[in-house]
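Hi,

Here's the structure I said I'd pass on.

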Amino acid sequence: MFVLGVNDGTLAAEQDIKQLFERYRSGQCSAEEIVRLYDHFGIDANRAVLEERIADALANTDEAPRALVYRAQQVADRVGARLRERVVANPNPPGPRPRSLRWLPYAAAAMLAVAIGWWAIGQRLAHDGQETVPTLAGAVDIAPGANRATLTLADGRSVDLSEAQAGIIIGSDDITYQDGVSLGLSTVGAGGGTAMEELVLTTPNGGTYQITLPDGSRVWLNAASTLKYPSRFSADERVVFLEGEAFFSVTRQPSAGGSMPFRVVTDGQTIEVLGTEFNVSAYADEVETKTTLAEGSVQIVNQRSGTVNRIAPGQQAVTREGHTDIRHVDVAQYTAWKSGRFHFNRTPFGDMIGQVARWYDVEVVYRGAVPKETFTGKMGRDLSLMEMLGLMDISDAAIRLEGRTLVVQ
C-alpha cells in the first residue's frame with residue numbers, strides 16, 4: 001500500500017510515466033502525482049485513494065459495516081463527478097492547477113473520517129436504545145432479492161424453481177438445473193420429438209433467474225420479468241418474447257442460408273441478431289424500451305413506424321412509441337444488475353427508486369412531487385433494504401418504510 005506524501009509541486013509535463021510508476025510503487029508520489037498517474041490509465045484517482053483510506057480506517061474498527069464502505073465510495077464518486085464537470089466547463093484553466101485538485105484525495109479522506117465518526121455516534125445511540133435512522137424506526141428490514149422464478153408449461157402447470165439454483169437448461173429431451181439435476185419435465189410434446197410447445201419463465205419482484213435456451217443461447221432475467229420461448233426452435237428462425245428486463249448472450253446458429261436469425265420481440269420493437277450480447281429493458285410500466293449492446297451488432301425494428309436502426313457496441317437504442325433514438329452509453333451501467341450490483345450515473349430519482357422497488361419487492365407511494373435529484377454511485381444488490389435506504393438518505397426527500405411500502409415525501 002502506498003503512502004501519500006507531502007505535496008512536492010506540480011508534475012512536469014515531460015515526466016516519464018514509467019519513472020512516475022516506479023515512484024508510485026515505492027510510495028514516493030505526491031497526491032497530485034497520483035491523480036496524474038491514475039488519470040493516465042483511466043482510473044478514478046479520488047476513489048482509488050479513498051478505497052485505500054477505507055481499508056486503513058476500517059482495519060482499526062471492531063466492525064466493518066458494508067453500508068459505510070458503500071457510503072464512502074459514493075462520496076468519492078460524487079467528488080470525482082464534480083471534478084469532471086469543472087474540467088468539461090473549463091478544460092484548459094490558465095495558471096497552475098487549482099489547489100482543490102491537488103487536495104482532492106485528502107478531502108475524500110477527511111469526508112471518510114466524518115462518515116466513520118457519524119457511524120460511531122450512530123452505534124452508540126443504537127446501544128442506548130435511541131433511533132439511528134428516524135424515518136425507518138420500527139420498520140421491519142427487508143432482505144434483498146434472490147434466485148426466484150416460476151416455469152409455466154404448455155398445459156398450464158406451474159413449477160416454482162429452486163432458490164438454491166441459479167438457472168435452468170432446456171435440453172433436447174428434458175429440463176435440468178445448471179448442475180445437471182433434472183426437473184422431471186420432458187420437452188418432447190405429446191405429438192413426438194418434432195413438437196414445439198411454448199414455455200414461460202417468470203421472475204417476481206425480488207427475483208432473478210438464468211436460462212439456457214434450446215440453441216445454447218443464455219438469458220439472464222431480471223426482477224419482474226417474463227420470457228416466452230419454445231421448447232425447441234424451428235429450422236429457419238429463433239423467436240422469443242420478453243416483458244421486463246433481460247441480458248442475452250446469443251449463439252450463432254448455422255442454417256441453410258447462413259446463420260439463423262434470433263429475434264427478441266417486446267412491446268413496440270423487434271430486435272434481430274445473429275450472435276451477440278445485449279441488454280433489453282422493456283417493462284410495461286415504463287414508457288421507453290432500452291436496448292444496450294455489449295458485443296456484436298443488433299438491428300432494432302420499430303413496430304409502429306417500421307423504421308430500422310442498427311447499433312454498435314457501446315450504443316443504446318431507446319424506443320418510445322414510433323420513435324427510436326440512438327445514443328452512446330456506459331454499457332456497465334445497464335448490465336451491472338446481472339453481476340449483482342446497482343450502478344447509477346446521474347440516474348433520476350424515479351428511475352433509481354423504481355429499480356430499488358423491483359429488487360426489494362416493495363411499493364412506492366409519493367406524497368408530493370417526485371424529487372428532481374439524480375444519483376451517481378455503485379453498490380451491491382446484496383444489501384438489505386435498510387442498508388440501501390441508509391445510503392439513500394443523501395436525498396432531500398424523506399423516505400419512510402411502512403410494511404412493504406416506501407413512502408416518499
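To start you off: is Asp 215 buried or exposed? Asp 215 is buried, at a relative accessible area of 13% (buried is under 20%, exposed over 50%, partly exposed in between, with a 1.4 Å probe and protein chains only).

Some background before the rest. This is a predicted model, where local features need pLDDT of at least 70 and side-chain atom pairs count only at pLDDT 80 or more, while totals for chains, interfaces and linings use all residues. Residues are numbered from 1 along each chain as its sequence is written, and side-chain values use heavy atoms, leaving out hydrogens and water.

The chain has nine helices and 26 strands (DSSP runs numbered from the N terminus: helices are H or I with at least four residues, strands are E with at least two). Of its 409 residues, 44% are buried.

Now the salt bridges (a side-chain nitrogen of Lys or Arg within 4 Å of a carboxyl oxygen of Asp or Glu). The whole structure has 10. One of them pairs Asp 215 with Arg 238, at 2.4 Å from N to O. Asp 215 sits in the loop between β8 (207–212) and β9 (218–221) and Arg 238 in strand β11 (residues 238–250), so the pair ties together parts 23 residues apart in sequence. Arg 238 is buried too, with a relative accessible area of 0%.

Another joins Arg 263 and Glu 272 at 3.4 Å, N to O. Arg 263 is partly exposed at 22%, and Glu 272 is partly exposed at 24%.

Cheers
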